[in-house]
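This report describes a predicted model, moving from strand pairing to charged contacts, surface and confidence. Please read it beside the sequence and coordinates.

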Amino acid sequence: GIFLYDFKCIKKELEQSEVKVFDEIVSVEPSPALDIVAVGKKSGKIQIINLKMDQVLFDLDQNSPVTSMSFRTDLASSDLPMLVTASASGRLNIWDLLKRKLHNSVKGHKGKITKCQFLLREPILITS
């Protein structure tokens, strides 16, 4: 495969961990904020990372594999920044990024959600 970016902060975290188990990255989503991305993992862990500083800002955990992620980008998102994550179990998790905790969780589909996407500058979320 092609190597596009080396997440040194994730490697460092793995090296410092007593449990040396690789947690596969399954989704990466750029945020509206410069140099910030969300990294979703097979374990359900979500890391918000500052790429420029190569630093994990904080972690979230949905306890189910992350299948897709999307940041809200409409005007209201500046007051209440949100990230939606989708899971293999059909759940959508809505994260309050200011409080760094789960805001709401809803059953979105009977099966796996393959994609969730906020429309650009709109408070509308589309899933498949």
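## Strand pairing

G40 stands opposite I46 in β3, within an antiparallel pairing of strand β2 (residues 36-41) with strand β3 (residues 45-50) that runs over five bridges. Strands here are DSSP runs of E with at least two residues, helices are runs of H or I with at least four residues, and both are numbered from the N terminus; two strands pair if DSSP finds at least two bridges between them.

The open sheet to consider next is formed by four strands in the order β1-β2-β3-β4, with antiparallel pairing. Its edges are β1 (25-30) and β4 (55-61), each with a single partner strand, so one side of each has no neighbour in the sheet. From one strand to the next, the twist averages 20°, with axes taken as lines fitted to C-alpha atoms and angles running from 0 to 180 degrees between N-to-C directions.

## Salt bridges

The structure holds three salt bridges, each defined as a side-chain nitrogen of Lys or Arg within 4 Å of a carboxyl oxygen of Asp or Glu. In one of them the side chains of K42 and E24 meet at 3.8 Å, N to O; K42 lies in the loop between β2 and β3 and E24 in the loop between α1 and β1, so this pair ties together parts that are 18 residues apart in sequence.

K45 forms a salt bridge with D59, the closest N and O atoms being 3.7 Å apart, and this pair links strand β3 to strand β4 across 14 residues. K45 is partly exposed at 22% relative accessibility, as is D59 at 37%, where buried means under 20% relative accessible area, exposed over 50%, and partly exposed in between (1.4 Å probe, protein chains only). The side chains of R72 and D74 also meet in a salt bridge, at 2.5 Å, N to O, and both of these residues are buried.

## Confidence and conventions

The protein chain averages a pLDDT of 87, and 84% of the residues score at least 70, pLDDT being the predictor's confidence in each residue, from 0 to 100. Confidence is lowest in helix α1 (residues 8-16), at a mean of 64, and highest in strand β5 (residues 66-71), at 97. Where pLDDT is low, the predicted coordinates should not be read in detail.

Residues are numbered from 1 along each chain as its sequence is written, and side-chain values use heavy atoms, leaving out hydrogens and water. Because the model is predicted, local features need pLDDT of at least 70 and side-chain atom pairs count only at pLDDT 80 or more, whereas totals for chains, interfaces and linings use all residues.
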